[in-house]
Amino acid sequence: MESEPIPERALLLVKPHLLDKEKDICYELSKHGLKILQQKRVRLTEEQAVDFFQDHMQEHWFKDLIAHTISGDALVLHVQRPNVIETLYNVVGPTALDEARKELPESLVAKHGVDQVKNGFYYNRHLIASSREIQFFFPESTLDPFPTSEYTKMFLEDAVYPTLLKGLTALCKEKPQNPTEWLGKWLVENNPSRPIYELP
């Protein structure tokens, strides 16, 4: 039986001139299986924008990029899907406008981009770097991957159900006045993962 692909997370930034197309963009992402976990509109300061785009500082269009980014509210989307970066590339497109129009003419960049700065979107092609960007905008996010349904089922069958079944059987035999409290204490005392300390 093949294991389920593990969902990955990334950050997508929609630049200010495309905010009026927010619903259409979110619909297009959802249509391709990109789940939006978090989203918000932000107005970046110049300092924040420079910090966020610091990897592009040597580009000749860097100042124009910063000026455009802070010219209005931007939309940031925390998205999730297996192979999330590859999916963003296919749906959003390369962030270089000429490349997007040539290779993926149906992509969002190709459709809505104006030039290299007003290409409409930004996302990082590297998953680890994208994780750092998620923390930049959503510092409260937990980035550990969600367990698959297969893993969850195995965990419950191996680690939870056997002990719980024993506890419920004991509960039926004991018939305590407060069954919920009794079962809770029984599970704590009979937890197979509970550390055992031996006195010297």
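## Helices and strands

Helices here are DSSP runs of H or I with at least four residues, strands are DSSP runs of E with at least two, and both are numbered from the N terminus. This is a predicted model, in which local features need pLDDT of at least 70, side-chain atom pairs count only at pLDDT 80 or more, and totals for chains, interfaces and linings use all residues. Residues are numbered from 1 along each chain as its sequence is written, and side-chain values use heavy atoms, with hydrogens and water left out.

So what does the protein chain contain? Read from the N terminus, the elements go β-α-β-α-α-β-α-α-α-β-α-α-α.

## The sheet

Let's look at the strands. Two of them count as paired if DSSP finds at least two bridges between them. The four strands make an open sheet, in the order S2-S3-S1-S4, with antiparallel pairing. Which strands stand at the edges? They are S2 and strand S4 (121–122). Each has a single partner strand, so one side of each has no neighbour in the sheet.

Strand S1 (residues 8–14) and strand S3 (residues 74–81) run antiparallel and are joined by seven bridges.

## Inside or outside?

To talk about burial, we use relative accessible area: buried means under 20%, exposed means over 50%, and partly exposed is in between (1.4 Å probe, protein chains only). Of the 200 residues in the protein chain, 36% are buried.

Phe-62 is found in helix H3 (residues 62–69). Is Phe-62 buried or exposed? Its relative accessibility is 8%, so Phe-62 counts as buried. Val-50 is 12 residues from Phe-62 along the chain, and their C-alpha atoms are separated by 8.9 Å.

Now for two cysteines. Cys-26 has 13% relative accessibility, so this residue counts as buried. Cys-172, with a relative accessible area of 53%, is exposed. How many disulfides does a search of the whole structure find? The count is zero, where a disulfide would be a pair of cysteine sulfur atoms within 2.5 Å.

## Salt bridges

A salt bridge here is a side-chain nitrogen of Lys or Arg within 4 Å of a carboxyl oxygen of Asp or Glu. The structure holds five of these. One of them joins the side chains of Arg-41 and Glu-22, at 2.7 Å from N to O. This pair links distant parts of the chain: Arg-41 sits in strand S2 (residues 35–42) and Glu-22 in helix H1 (residues 22–31), 19 residues apart. Arg-41 is partly exposed at 47% relative accessible area, while Glu-22 counts as buried at 18%.

Glu-28 has a relative accessible area of 17%, so Glu-28 is buried. There is also a salt bridge between Lys-111 and Glu-106, whose closest N and O atoms are 3.8 Å apart. Here Lys-111 counts as partly exposed at 46% relative accessibility, and Glu-106 counts as exposed at 61%.

## Two pockets

How do you find a pocket? On a 1 Å grid over the protein atoms alone, a pocket is an open set of points where a 1.4 Å probe fits, with protein on both sides within 12 Å along at least five of seven lines; lining residues have an atom within 4 Å of a point. Grid points are joined across faces, edges and corners, and the volume is the space filled by probe spheres set on the points.

The largest pocket has a volume of about 340 Å³. It is lined by 18 residues, and the closest to its centre are His-56, Trp-61, Thr-95, Tyr-122 and Tyr-123. The lining divides into eight nonpolar, six polar and four charged residues (Ala, Val, Leu, Ile, Met, Phe, Trp, Tyr, Cys and Pro count as nonpolar, Asp, Glu, Lys and Arg as charged, and the others, Gly among them, as polar).

The second largest pocket comes to about 190 Å³. Its lining includes Phe-52, Phe-53, His-56, Tyr-122 and Arg-132. Helix H2 (46–52) and helix H7 (127–137) each supply at least two residues of this lining, and H7 gives the most, with four. By class, the second largest pocket is lined by five nonpolar, three polar and four charged residues.
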